Amino acid sequence: MRILSGIQPTGSIHIGNYLGAIKQWVELQEKNECVFFIADLHSLTIPYQPENLQKNIIEAAIAHFAAGIDPQKTVFFVQSEVKEHTELCWLLNSVCPVGDLERMIQYKEKTRQFKQNINAGLLIYPVLQAADILLYKTDAVPVGKDQVQHIELTRAIARKFNQRFGKTFQEPKALLPKMGAKIMALNNPRQKMSKSSSPQNYISLFESPEEIKKKIMSAVTDTGKKIKYEPKRKPGISNLLTIYSLFSGKSIKELEKTFQSKGYGFLKKSLTELLTNFLEPFRRKRKELLIREVFVRETLKIGAKRARNIAQFTIQETRSKMGLI
Ligand code: ADP
Ligand code: TRP
């Protein structure tokens, strides 16, 4: 299968991104043809500092390599280095109804969040995402729950294009992790863990042992002492159990049993230890890569070249179907 996904270079990659997305990518690259990229063009639609963008892109690339993405197995690149993404976005714009774009949940959320800067890019955002996906004739897109609506729109755009211009694109499906599709914020377990919120809400993949300890020990838990997985009534402890289960490979049931009589403090201490040990190789690898920036840049360049080879083929086909030469 051809698998594709992207992530925006908008902040520190956290354990929610890892469990909801990157972990699947690392597994998928073993048996599939994978294309993964840093969606820098998408990130221009919200306020950002141009002088920090390159640093954030390199940081994001290093984070993925440190977390197990292997650029030998996976085509890994920076979106803006493959101009076919923007070209296909423009071509697809003409088959995408504005009404569909206005209905997107992420668009509504972002326009509420950034009232001072409701730019056209925010509205077109899902068409660029559809271009990212359709350009590589993708079969499946591993993402978290929040992106499912964008994948559905991608399918609709592919369908519309095929009806109007003849079969060109296949409809991709979303691949959701069974568990971990929505890790919640540590300081507010009713909200999703997100890198665009305050650092208190997440644990970065490269957090120091001291910070891991601080953040887990002060994570919001619920009233009552019972350690039970009940996301509605006990969102705090349920979130910690989910994180524990996904990093340890132990089932929730098993964890409930182990910690039943031990209390929140003990669970938190044990989770701190688990995370510190699990993330240690990630921290080490990142440190090694931080001093090899030239190598990282070269790797991204090679990735972009490989991506372009596939993308150019689709663009030629699309242009010709639409009557352009
Ligand atoms: P963020 O909201 O932290 O800025 P992005 O929107 O860049 O993250 O998402 C990158 C990937 O990580 C997407 O596939 C998204 O679905 C997934 N993801 C983001 N937040 C979480 C979370 N809290 N739990 C699980 N997956 C998540
Ligand atoms: N919109 C996605 C997010 O915020 C990032 C993204 C851009 C993406 N292009 C993509 C994800 C293509 C999957 C496929 O997480």
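How many residues surround ligand 1, and which are the closest? In this predicted model, 17 residues surround ligand 1, and the closest are Gly144, Asp146, Ile183, Lys192 and Lys195.

**View 1. The shell around ligand 1.** The shell around ligand 1 is made up of six nonpolar, seven polar and four charged residues. Helix α1, residues 15-28, gives the most to this shell, with four residues. The space that ligand 1 takes is the largest pocket.

**View 2. Backbone atoms by ligand 1.** A backbone N or O atom of glycine 144 is 2.8 Å from an oxygen atom of ligand 1. On its own, ligand 1 has 530 Å² of accessible area, and the protein covers 92% of it.

**View 3. The shell around ligand 2.** Ligand 2 is surrounded by 14 residues, and the closest are Gln8, Tyr125, Gln129, Asp132 and Gln147. By class, seven are nonpolar, six polar and one charged. Strand β1 (2-7) and helix α7 (120-134) each supply at least two residues of the shell, and α7 gives the most, with four. Ligand 2 sits in the largest pocket.

**View 4. Side chains by ligand 2.** A polar side-chain atom of tyrosine 125 lies 2.7 Å from a nitrogen atom of ligand 2. A side-chain N or O atom of aspartate 132 is 2.7 Å from a nitrogen atom of ligand 2, and for glutamine 147 the distance from such a side-chain atom to a ligand 2 nitrogen is 3.1 Å. Ligand 2 taken alone exposes 370 Å², of which the protein buries 90%.

Definitions and conventions:
Residues numbered from 1 in each chain as written. Chains lettered and ligands numbered in written order. Predicted model: local features only at pLDDT ≥ 70, side-chain atom pairs only at ≥ 80, totals over all residues. Heavy atoms only, no water. Near = heavy atom within 4 Å. Polar contact = N/O pair within 3.5 Å; in protein donor to acceptor, adjacent residues only side chain to side chain. Areas by Shrake-Rupley, 256 points an atom, 1.4 Å probe, with all protein chains shown as cover. 1 Å grid on protein atoms, 1.4 Å probe; cavity = no way out; pocket = protein on both sides within 12 Å on 5 of 7 lines; lining within 4 Å. Sits in = over half its atoms within 2 Å of the grid points. Nonpolar A, V, L, I, M, F, W, Y, C, P; charged D, E, K, R; others polar.
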